[in-house]
Amino acid sequence: MTRFEPARSVPGPRHQAYWPLTWALLLLLVVGSGALAPLLRGTGWMWAMTFTVTIVLISTAGFRRLGVRRSFVPITGLGVLLTFLTLVFGAGTGLVWLIPTPDTFTVFQGLIDSGIDSIRQQSTPAAPVAGITFLLASGVGLIAVLVDALAITLRWPALAGIPVLIPVGVPGLIIDGGAEIFSLVLAAGAFLVLLWFDARVRRTEEANQLPEGRSAPRVFARATRLGPGPMGGAVAVGSIGIVSALVLSAATPAFTEHSPVGSGNGSLLFGSGVSPMIDLGQDLRRPRPQPALHYTTTAVAQPYFKLLTLDRFVGTTWVASTNRINRDNTVQDITRSPELSKSVESVETTTSVVIDGVDTAWLPVPPLVTRVEGLGGSWYWDSHTRAIRSFDSSTLGQSYQVTALELKPTAGQLRDSSSEYPQSVLPAMDLPTLRPDIIDDTARAVTSGTGTPYDAAVALQDYLRGGEFAYDTDAPVDDGYDGGGVDVIGTFLELQRGYCVHFASAMAVMARSLGIPARVAVGYLPGTKTSDGVAGAGAGQFNINSNDLHSWPELYFGGVGWVSFEPTPGRGRVPAYARPADSAGPGSASGATLPTSAPRAGDDGLTTGGGSVNSAAGSTSGSDALLRVGALAALIVCLMGGPAAARSLRRQGRMRRLRRGSAGAATAWAELGDSAIDHAVRVTELETPRELARRLSGLPGLDGDAAAAEALDRLLVALERHRYARPEEAVAADQGADLADDLDIVTEALHRASDRAARVRALTLPASLWPAVLARQNSGRIRNA
Amino acid sequence: MNSSPIRVLADAPGTRSAEATAMAVPDVQASAHAIVRNIEAVIDGKHEAVETALTVLLAEGHLLIEDVPGVGKTMLAKALARSVDCSVSRVQFTPDLLPSDVTGVSVFNQAERRFEFKPGAVFANIVIGDEINRASPKTQSALLECMEERQVTVDGTTYPLALPFTVVATQNPIEMEGTYALPEAQRDRFMARISMGYPDNESELAMLDSHDTTSPLSLIDPVVSGAEVRAMMSTVRLVFASQAVKEYAVTLARATRDDRDLRLGASPRATLQLMRAAKARAALHGREYVLPDDIDALAVPVLAHRLMPTSRALGHHHQDSGPLLQEAVQRIVAATPVPVGVQSRQ
C-alpha cells in the first residue's frame, strides 16, 4: 500500500507562471530574430530584439505569477512593451522617460516613417538605423505578446510557431538564396523545445488536477493514457512544422523571380524595392540584358537619362528625398533652375523617348529637363532634384518628347564659382557622423594641392578613374559590401573594386567631406546606336537596355547648379568641362579657397561644413543616450533593489512594533515565517506552528544550534499561547522585545544555515513578498510521518 | 425498595459524589510522566501507545486495543492498571459469558432473607475486557451500556460505577471464526483505538531478558493513587480549548463525513471525545491549552475506528479497513488548514 503523499504544489491556474514555456518562447523568438541576420549589418539590432522579447516575456510571466487574470496578461504585456519602447526610443518624451505622451507617439511615427523609408531604400545587408531598429523591436515585441497569448493564455503553443515564421520567412522573400536552411532548422528546433515543454506542463497539470468529491473515481489514470504520448505528439507537430518550413524555403527563390523588387520585362523598377542601388546592381548582373527604352535626340552628345536622385542620408545610407513633390509642378512647364547663370552656355535639345521595358514611377529624362509632352497619367517634377515621377501611372508603354538643356560650362566658370552656397543645397553637405576615416583621409590626400572645389572635384574623379580602381559588378556582392552606404564606401576605397554605384557614391561622399555639396544620380547611360540618323536633326536611334543602368555623382557649383561627373572607369564619358586637360590652369592662384569641414570664424552658420553640424547633433544624441542609459540603469536598480527594500521595510516595521510592545507573538511568528519563505523553506498554513518549528530546527546547519533552537522554542510557545491559550494568559506572553531578540537569533541562524544561492535570493528576491507564493504553498502540506 | 435508588457500594474505591479538586497542570505532567515511565518498564518501545492509553484514561474514555495476539495488549492494560493504585478486574470474553457476569447479579440471601447484589466485573476502576469480540452481542451490549452510562441497573436499583472508570478492551482483528465484530454504534463508545504493533529488534531483545525469569508485572508498584488520578481528570476538564481549535476539530469531523472514501464519517460524539482526548494530551504535555497538534496527534486513534470505508475503497484494500481508514484520516488532517486563532496573519 502506498503511503499518502501530499500533492506536490498544485498551483491554481491563476498563479501559474509557466516559466518553462516562457523560456521556450524566448528561445524561439531569439532564434527567429536571428534569422534576420542576412538582412542587417552588425549585431546591435539583434540585442535590441532580444532585449525587447526578454522584457515582454518575463513581464507577462511575472504578471501571471502575481495572479493577474490570464486574459489580462497580453494587455499588460502590451503595456510593458510600450513602456519599454518609450524608454529606449522615446527620446525622453515620455513622462519620467517611461510613460508615453503624445510627443512620444510623434517620435514613434517619425521612427516608423524613417524606418520604412530606409527599408525601401537600403541595400541588404542594411544598416540598422534607429527607425529600422525601432520597427524590429516593436515588431518582435508584438510578436512576443502574440505568441505568449497563443502559447500560454490560450494554450495553443503549436500556433505560436506561425507568428515566428514572419522573421524567419522574410529573408527568403528578399534575398535571392531564399531563407537560410540553418536558421530554419534552428527555429524548428526551438519550436520543438516549446512543444516539448508544453507537453510536460500539460502532463503535470493533468496529474495535479485531482478529482474531488465523493463521486470522483478513486483511482485516476496517471500512468496510463490513451493515444500517443506527449512527446510523440510534439515530435509529430514539430515534424510537420519543419517540413512546411523546408517547403516554404524551397519555394522562396521563386518569389524573388516575380517579386516587384526586380526589374525587367513587366516588372517594376524601383517600385517598392529594398534599394535602388541594389536593384541597379542586380540589373547590371543580369546575364541577358532586357531592353529598357529607345530614343532619338537632337543633342550632339547623347544625354544620360536620369531616373532619380539620392540626395540625403538616412543613417549611413543614401536615400532619395520623397514626398516633396508639388502638385503644381506639372511637366508641361518646368522652370529653368534659378541658380543657372546666363553666362553659362546652354543648348536646348529635344529627345523622343519610347519606353520598351522599364516599369517604374520615375521617368527617365535627360538632366535639366524643361518640358515633357505626350505622357499619359499625371506626372510631377521635383523642384530640388528635377526628377519626374508619378503617383498613379508608370513608365510602361509611354512615349514622350523631352525638351532639355544641354549645359556647356567651362572649366573656368566652374573654377570661379562661389563657395557660398544657397540655403537649399546646404543639406547636400550632410554626412553621417559615424563613417570610416578612410573616406576623409583619402579625400584630403587626393585633393591636397588643389585650390578650388572644382579642382578638388576633378582630382577626385581622376583618382577614381586613375587605374587603381577596377570596375567589377560581382566583387562587392561576393565580399558583402554591396550598396552605397558610407560603410560600403570605406570598404570600397580599401578593396578598390566595385561598379558605378560605388564610384558615384564614393565621389559624392568624399566631395561632401570636403564641403562640396554633392548627390548621386541614378539612371541610364546614353545606350548604343542602332540606326543612322536619316535627315539632319537627329543622330539616329539609340537603344538603352538594363545593362546601361548607371549611377553618377552630381556636384553643386554656384552660378551653374548641379554638374555631373563621371568617376566610373570604362563607363560613360567624362564631360568636357571635367576633363583634366581643360582643368590645367591657374587653379592654385585662384582667389577662392577650398572650403574645409571645419567651421570658419565669422560664418553665419549657413555654410557650416557637414562635419561640425553632425558632431553637434552627435553630442546631443550622445547626452540623450546617456540619459536613457541612466534611466534604464535606474530602472534596473529599482527592479532589483525594490523587493529587497520592501522586504527590509516590512521586517524593520515589525521589529519596531515588537520592541515597542505594540505587537506580539503573532507578528514575530509572521516575520519568522516570511524569513523561512525567503530562505526557500516551504511554509504552509496547513501545517501547525509546532510542525514548522520542528522542520526549521531540523534543517541542516540549524540542528546543532542550541541557542537558535531555544529561541525558536520560545517564539513557538509565545505564539501558541497567543493563539490557543486563554486570552488573559496570551497577553502575558506578548513580551515584544524578548521576542524580537529571539527572532533575530533564529533568522540569523536560518540565514547562516542556507546555501549561498538561497541567501542571495533571500536578499534580492524575497519570496515572501509574493502573495502567490503563499497561496501556492498552502495548497500542499508537508507532514512528518 | 425505592424506585431506582442510587446505591453506592461501600467497597468502591472512588465515587461520583467525591468530586476531586483539580491539581496544577505541571503536577499532572509530572504524575503522567511517572505513570508512563512505570509502564515502559514493562512494555518496551511503545511510547505512543502508552501515552495514548494514559490520555484516554485521563480523558475518562475507554480504550480499544486491536492487534494480533501476543504483542502485549493485555500487558499494557494490566501495567496501566497497576501503575494507578486502584482496583482492576479482568474479564475474558467468551461466547458463553453472560451479561450478568459483567454487570453483577442479585442473589437471594437465605440468612438475611433478602436480595443481595453481587457486583460484576465492571465494578472496578480499570476493567480489562480481553477479546471482547468473542462475547455474544448481548453481553457486549451490557458492557457497552455500562461504559456509556457509568452505572449498572439491576432489578431496579442503580449502582454507580467507580471513578476513574475505564474499560480497556482488546480484540483480535485477524481471527474471524466465532467472533462477533463490534457494530459501529458500539465501536463509537470507545474513545480511541490503538494497535500495539510488533516491537522492534532492540525492544524484543530487551524483553527476552526482562521477561525471562520473573513476571514483569510483579515489579510494578503504583505511582499515583486513585485520588490523584481523579484530581488529574478534574484538571483535564479545565484545560482550555480556544475557539480556533474547536473549529479545527469540527472541520476535521465534517471532512470525514464528506470524504469520498468514507461511507460513514465521524459522529458528533467523536468530535466531543476528540476534544476531550486533546485536552488530556495537552495536560499530559504540561499545557493549559489545547494545540492543533494535540488534535492532529489524536485524530487517527480517536476517529479512525468510527469510520466506515466505501465498498469501492475497501475493495482496493482487500477487506482490511484499518490501514485504509488511517490513511483517510491522515489525508484529511494534512489537507485541513490549521486555525490561526484570534489574530489573523500579519
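Me: Hi! I'm new here. Which strands make up the open sheet in chain A, and in what order?
Reply: Welcome! This is a predicted model. In it, chain A has an open sheet of five strands, in the order 3-2-11-14-15, with antiparallel pairing.

Me: Which strands stand at the edges?
Reply: Strand 3 (317-320) and strand 15 (561-564) of chain A do. Each has a single partner strand, so one side of each is left without a neighbour in the sheet.

Me: And how are neighbouring strands turned against each other?
Reply: By 40° on average, with direction ignored.

Me: How many bridges join strand 14 to strand 15 in chain A?
Reply: Four, and the two strands run antiparallel. Strand 14 covers residues 549-557. As for residues standing opposite one another, A:Leu555 faces A:Val563 of strand 15.

Me: Which strands does helix 15 of chain A lie across?
Reply: Helix 15 (residues 500-513) lies across strand 3, strand 11 (518-524) and strand 14 of chain A. Its direction is at about 15° to strand 14.

Me: Switching topic: which residues have the most contacts inside the largest nonpolar core?
Reply: Those are A:Leu25 and A:Leu194, in a core of 157 residues. Helix 5 (residues 130-153) of chain A gives the largest share of this core, 14 residues.

Me: What is A:Leu25 in contact with, leaving aside neighbours within four places in sequence?
Reply: A:Leu25 is in contact with A:Leu57, A:Val147, A:Asp148, A:Ala151, A:Ala160 and A:Leu194.

Me: How many residues are in the second core?
Reply: That separate core has 104 residues, including B:Ile65, B:Ala142, B:Val167 and B:Val290.

Technical notes:
Residues are numbered from 1 along each chain as its sequence is written. Chains are lettered from A and ligands numbered from 1 in the order in which they are written. This is a predicted model: local features need pLDDT of at least 70, side-chain atom pairs count only at pLDDT 80 or more; totals for chains, interfaces and linings use all residues. Two strands pair if DSSP finds at least two bridges between them. Axes are lines fitted to C-alpha atoms, for helices over the stretch in contact, and angles run from 0 to 180 degrees between N-to-C directions. Two residues are in contact if their C-beta atoms, placed from the backbone, lie within 7 Å. A nonpolar core is a set of buried Ala, Val, Leu, Ile, Met, Phe, Trp, Tyr and Cys residues joined through C-beta atoms within 7 Å. A residue is buried if 20 or more other C-beta atoms lie within 10 Å of its own, exposed if 12 or fewer, and partly exposed in between; C-beta atoms are placed from the backbone.
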